[in-house]
Amino acid sequence: MLKIFDREHIRNIEENARTGSKIISTSTLYETMGNAFCNQFNRMFNDQRKVIVFAGPSQNGAIALAIARILFSMNRSVDAFLLNPGLSLSEEVTINKTKLQQCGCYFMEFNSSFRPPRLSENDIVIDGLFGSELEVPIEGDMEHVVHYLNSKAHTIVSVDMPSGLFPQDNSHNNPDNIIRAHHTFTFHGAKLSLLLSDNEKYVGKWRVINCGLEEDHPQKNIKNFIFTTSDLDNNLDSRGTFCDKRDFGHVALIAGSQGMMGAAILGAKACMRTGSGLITVHVPQGKDNLIHTTIPEAIVETDKSPTHFTEIRNVNKYSAIAIGPGLGTQFESAAAMESLLNQYKKPIIIDADAINILASNPTLLNLLTPDSILTPHKRELDRLVGESGSDYERLRKASAFAQKHRVYVVVKGAYTATCLPQGVIIFNQTGNPGMATAGSGDVLTGMMLSFLGQGFDSLTSAVFAVFIHGYAGDRYAESNCQESLLASDIIDYIPVVFKHFKKLQNYY
């Protein structure tokens, strides 16, 4: 998994480069970072558009001036502007300023009032004002620079971080004084704020620039990670020759209500497609024909109610249970869910309306079996843990909830976050906006149920399902388009994902 760094970890990486076993000078470090940035920049912008670099007075500014010089040496048309309103440049900025002036690149330094250069719509602006080094909001003369760039620049590429955006918590930041980048090239590893929807308007498209320093310094106390393709490659076991359907679990999906039977159908189909051996779908009375005709492979158990969930029998025969898709929140459903939690002492997957039942009946939280999995979207999470003023606050509340109740909380969305009972958070990198469609969450629940029923632990079931779910959506979008994606398309592409990773295993 990829590590997500905070400001302290970044400082440790760069300090280790200066003082560790492979000692390099600060100047060499910034030169290395500048070269890595320029290599990526030229791959993305391989035309002859003019580049205008804005550098600040400290570390990020030194790197930005190095970038200007390197791009100029590559025959790019470059203008560089150094903003120094405090009349206090760091030693490295002074060094790189001198080098830039000597190479003949156009350069201007502003010490007092900022006289903005004229920007054309074809110019590419490189924002190297502050990066991730700020701990307080931008103010004073620099805020005028930020406002100018945000209003006049058509393409902004930020060095490390959009200037003004903090790497983690921006709850007390000034949103008006943050660069709105179109691309962010961040050094060493991802930063938490890049993954939060609140910050999309500042970050744009982001990518990590690896400078080769990260692996030389093993970081301690890392709490946030990104689940990657390599984490899945060698963990999808092949089936034995003499296996039986019972070897792959008998699971139960409690789902559906009057007018919401599609949720049960999607969840059950996804569960079977992900490899479950047997599934029993518990639905309201009279709805069994819908399951029989759409998923003939499934066993159906009907409730005594024709409209909603009120009971389930013989729960302990199941290797895993999921409850919630299209369930409804009637009083009888809440009572039946309490009975289920009292009887079934294995981890359970709780989704959708089952989460809303927990939110309305908080005493049920005491009945949650450790390692159970909750899969809320933002609004469901807010009902469960209270409303939040930002994605960062919401994530902290979800993590605190997971630790308090010893469960896994999967916060669905772009970069779906799985909060572990140990306080660790794992983000997902697959998926696309086309998956913001009705039924997508029901499919995820079915996939997760399948993995849990097959004997995978709760953590593996959660992160594998989230990753494959997103990957299936990505493969569909590649073959077709995001706009036409339906939840049932995700199910259809699950075999494509399995086949892809099985090929990788055979290759290696």
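Modeller: A helix here is a DSSP run of H or I with at least four residues, a strand is a run of E with at least two, and both are numbered from the N terminus. The model is a predicted one.

The largest cavity holds about 50 Å³. Its lining consists of Leu83, Asn84, Pro85, Phe110, Asn111, Ser112, Phe114, Asp141, Met142 and Val145. Helix α5 (residues 141-152) gives the largest share of that lining, three residues. By class, the lining has six nonpolar, three polar and one charged.

The second largest cavity holds about 40 Å³. Around it are Phe227, Thr416, Thr418, Ile426, Phe427, Asn428, Val463 and Val466. Strand β18 (425-428) and helix α15 (458-479) each supply at least two residues of this lining, and β18 gives the most, with three. Five of the lining residues are nonpolar, three are polar and none is charged.

Next come the buried residues. Helix α12 (residues 378-385) has Glu380, Leu381, Asp382 and Leu384 buried. What do they pack against? The buried residues of α12 pack against α11 (353-360), β15 (373-375), α13 (391-405) and β16 (408-411). Just after α12, Gly386 has a positive phi of about 100 degrees.

Helix α13 includes Phe401. Buried means under 20% relative accessible area, so Phe401, at 8% relative accessibility, counts as buried. Apart from neighbours within four places in sequence, Phe401 is in contact with Leu365, Leu374, Leu384, Val385, Val407 and Val409. One of these contacts, Leu384, is also one of the buried residues of α12.

Last, consider two annotated positions. The unreviewed UniProt entry has a "binding site" annotation that covers Ala263, Gly326, His377 and Asp442. Ala263 lies in helix α8 (residues 261-273), and Asp442 lies in helix α14 (residues 440-453). Ala263 counts as buried because its relative accessibility is 6%. Asp442 also counts as buried, because its relative accessibility is 14%. Not counting residues up to four places away in sequence, Ala263 touches Pro325, Gly326 and Asp442. With neighbours within four places left aside, Asp442 is in contact with Ala263, Leu266, Gly267, Pro325 and Asp351.

Notes
Residues are numbered from 1 along each chain as its sequence is written. This is a predicted model: local features need pLDDT of at least 70, side-chain atom pairs count only at pLDDT 80 or more; totals for chains, interfaces and linings use all residues. Side-chain values use heavy atoms; hydrogens and water are left out. Buried means under 20% relative accessible area, exposed over 50%, partly exposed in between (1.4 Å probe, protein chains only). Contact means heavy atoms within 4.5 Å. UniProt positions are given in the numbering used here, feature names are shortened, and annotations may be inferred rather than shown by experiment. On a 1 Å grid over the protein atoms alone, a cavity is a set of points where a 1.4 Å probe fits but cannot get out, and a pocket is an open set with protein on both sides within 12 Å along at least five of seven lines; lining residues have an atom within 4 Å of a point. Grid points are joined across faces, edges and corners, and a volume is the space filled by probe spheres set on the points. Ala, Val, Leu, Ile, Met, Phe, Trp, Tyr, Cys and Pro count as nonpolar, Asp, Glu, Lys and Arg as charged, and the others, Gly among them, as polar.
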